[in-house]
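Work through the exercises below with the sequence and the model in view. Each task is followed by its solution.

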Amino acid sequence: MRRVLVLAAVVVVGVLLETTVLGELRLAGVRPDLLVLSVVAVAMASGPVSGAAFGFSAGLVADLLFDLPVGVSALVYTAVGFAVGIARVYMTSQLPLVHLVLVGAASLASVWCSGLLLRVFDLVSWETVARAGPLVALYNLLLAPFVYPVVRALAERVPAKPAQRW
Amino acid sequence: MLYERPRRARAVLAVLLAASIVVITIDFRQRQGGPVDRLQRVAIAVFGPLQQGASAVVRPIGNLVGGVAEIGSLRSENRRLRTEVAGLRARERTYLDVLGENERLRGALRMARRCGCRTVGASVVARSGSNFQLSVTIDAGARQGVARDMAVVDAGGLVGRVTQVTADYATVLLVTDPTSGVAATLASGKAPGILKGRGEELLQFQPVRAGTAPRLGDSVVTRGYQGGVFPAGLPVGVVERVDPAGAASLVPRVDVRPYAALGTLDVVAVVVDRPPPSAPTPQPGKGR
């Protein structure tokens, strides 16, 4: 229960920051995607199931608040959380650079996948999608040193129940 | 959850992805009034106050950070705008000046055109330096067709008479100069006389014939005479004061206020030619 509250708080704070201060700090027309940073952090801390679940919840909240087709971010964040959770098994290095690369790649993939889905709904142009990917990834990399370790530490401090039998 | 079983993980993933797609589908099918729409409104209702509060706290910081990032560009922009404003102010002054000049020049030309005269526009470049002579120098001379004894008008009326001409400049003796005398007549009736300058604001009208009685508000116009280029009918001024003939003087003393703005003269027109009696259409002057 504590874990759910803590992670919910992460989502709420992330959404609030994104819609307020970061919305005004757009660089080259994009704002950073704190939620995908959080998803990566949680997935790295707790594995694919937690990553996917957290990604789904965070994405759903974001979708409900932002004026886009609901479910797009949920879908993408779920996939990102799961993929990062799987990938962490192969990441034995503790080098910050490795984590940064992961964050960058996850951000890029997330933006491009969302863009692709929105493109299907004809809500964005290809140029916008193509341009936004690297820009958001870069912006996320700038913020990663402040966000990623914090969220990761939080997720590790409130571990999921070690065993679930069904 | 360090050792999640892969099969369970895949099941979770599949469920979540399916859920997402279902949500997308529902949302896309019914944008309004559907369950997703209701959920959206709930989310906005919950987050709205939070966002408002967060904005209030965070916006100044955002502005500050954004402001710091912009300081460099703001400075240069500020500098650029300042120079631009100064330039525009100067331009505006010039523009207003030109506008007024244009207006007065038009007036002068209209004035001259009324009598069907050919005119040359000119600007006053200097006023007489002498205390005893009321004259101005204009920037039109022999090259522009100006000659001695020509009439000079502004938008209001007669200004004076050309007394000196060089190639590009001319001196104009104002009607108010004590040595100036202009053949004139009352517009209301045949009452020829001489308009004498007195070195002050008002002119004095001296009727030739005794017994003429000018009235207040009568207009005084020029009187043409044979051989001169001085056209007839140019307005000169208005009668402002009449002292009837009496013990002090045999003729009435008549003060006339000139129509021309002699105190603030800047653009004038020189009447270079009277219309030949056969020419019906007046020729506008060559403006400068």
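**Exercise 1.** Find which elements of chain A have the lowest and the highest mean pLDDT.

Solution. pLDDT is the predictor's confidence in each residue, from 0 to 100. Elements are DSSP runs numbered from the N terminus: helices (H or I, at least four residues) and strands (E, at least two). The lowest mean, 68, belongs to helix H2 (residues 21–24) of chain A, and the highest, 90, to helix H5 (residues 72–87) of chain A. For chain A as a whole the mean is 83, with 92% of its residues at 70 or more.

This is a predicted model, in which local features need pLDDT of at least 70 and side-chain atom pairs count only at pLDDT 80 or more, while totals for chains, interfaces and linings use all residues. Residues are numbered from 1 along each chain as its sequence is written, and chains are lettered from A and ligands numbered from 1 in the order in which they are written.

**Exercise 2.** Determine how many residues of chain B are in contact with chain A.

Solution. Contact requires C-beta atoms, placed from the backbone, within 7 Å. By this rule 32 residues of chain B touch 28 residues of chain A. On the side of chain B, H2(B) gives the largest share, 16 residues.

Key
Contact = placed C-beta atoms within 7 Å.
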